[in-house]
Amino acid sequence: MKRQPRSSPRSGKTRRTVSIIGTGSYVPEKILTNADLMRMVDTSDEWITTRTGIKERRIAAKDEHTSDMATKAALAAMEQAGVSAKEIDLILLATATPDMMFPSTACLVQTKLGATKAACLDISAACAGFLFAIEIAQQFITSHTYETVLVIGAEKLSSITNWNDRNTCVLFGDGAGAAVLRHRGSAHGVIATHVGSDGTYADILFMPGGGCRTPITLENADKNLQTIHMSGKDVYKQAVIAMLAASKTVLGQAGLTIDDIACVIPHQANLRIIEAIADRLKIPLDRFYVNLDRYGNTSAAAVAIALDEANRTGRIKSGDYILMVVFGGGLTWASTVIEW
Ligand code: ACO
């Protein structure tokens, strides 16, 4: 028999359930394969595949920006949800690659959608941003502040990638994913969420240039300070530790075990990280939804695109318990258990 989660309304609590009522995603047309990268830097398909699992990634056009991809993903989510732009109360957009420092990319998306009554803000939590935004959306809906929240994860990582650095340029891609959240009157929805951060590791994954500390100058641009800097081995280690702990914490909050979970949707950074987590959670790899072979790591967009694909392909079904777990620069991490 299906186990009941601890914080489900069915278990007697009166907490307002928040459901994802529609998902959407968008990836750019242009595909950059491992073979293409071999013509750009000293690498091989074999190295990239065995170390990361990535085969290809999508690259946005020059005039295609984070707000454009975000808008396309949002429109798909709104269509599936049956929600018009005028109904949206809040737009939360998670990104590390905003169109500009300000105004927020969420404001630009608002205009493109015509979501005139929405309040808009960007969430800066690197690859973990989409689930931070889900948690914030949930709090606003649970407290009856807002009815309908549009959450987006969108990135144009190709714009901050050092295309001469083989350590990083093979990892990243562009894209966007979105979800519409609302209280829907049924028990299905977000059961538990956990978010966390540790700023002491800020220097293992960061972009030093572009902020007030190191503004963009010709000299700084020559040093590639406006691109991603990463200590790969440290990130790998911390990602496994944090995603494992976050998974266990949120399962504990939900009163469920990993055996109750039909599908795990993890951050799509590296297949080896996902394999390590599967191994430590003692579940088979096929319980995880993985699409990083096709898109690489799209940071805040990654788990959102994966959720949309899992939803649209029937990989997750009504009534399934799903676990989403993410990790990113900051450090930041987050996890959520949802009854779909
Ligand atoms: N092609 C060929 N060789 C390469 C490449 C490449 N693209 N990149 C690095 N190498 C070389 C290195 O120069 C090094 O050579 P050396 O031994 O002669 O010095 C060798 O390969 C091994 O390099 P390592 O960095 O030790 O390789 P590792 O096995 O750690 O794999 C990787 C690197 C894939 C980045 C790994 O550390 C990792 O997965 N880290 C997690 C980081 C991650 O996924 N980041 C994504 C963003 S973070 C996030 O989304 C949360």
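**Cysteines and the ligand**

Mentor: Let's start with cysteine 263: its sulfur is 19 Å from the closest cysteine sulfur, in cysteine 127, which is too far for a bond. A disulfide here means a pair of cysteine sulfur atoms within 2.5 Å. By the way, this is a predicted model, where local features need pLDDT of at least 70, side-chain atom pairs count only at pLDDT 80 or more, and totals for chains, interfaces and linings use all residues. Residues are numbered from 1 along each chain as its sequence is written, and side-chain values use heavy atoms, with hydrogens and water left out.

Trainee: OK, is cysteine 263 buried or exposed?
Mentor: Cysteine 263 is buried, with a relative accessible area of 0%; buried means under 20% relative accessible area (1.4 Å probe, protein chains only).

Trainee: Switching topic, which residues come nearest the ligand?
Mentor: Thr43, Arg51, Lys233, Asn270 and Asn297, out of 23 residues around the ligand (those with a heavy atom within 4 Å of it).

Trainee: What does the side chain of asparagine 297 do there?
Mentor: An N or O atom of that side chain sits 2.6 Å from an oxygen atom of the ligand.

Trainee: How much of the ligand does the protein cover?
Mentor: 77% of the 1,000 Å² of accessible area that the ligand has on its own, by the Shrake-Rupley method with a 1.4 Å probe.

Key
A polar contact is a pair of N or O atoms within 3.5 Å; within protein, one must be able to donate a hydrogen and the other to accept it, and residues adjacent in sequence count only if both atoms are side-chain atoms. Buried means under 20% relative accessible area, exposed over 50%, partly exposed in between (1.4 Å probe, protein chains only).
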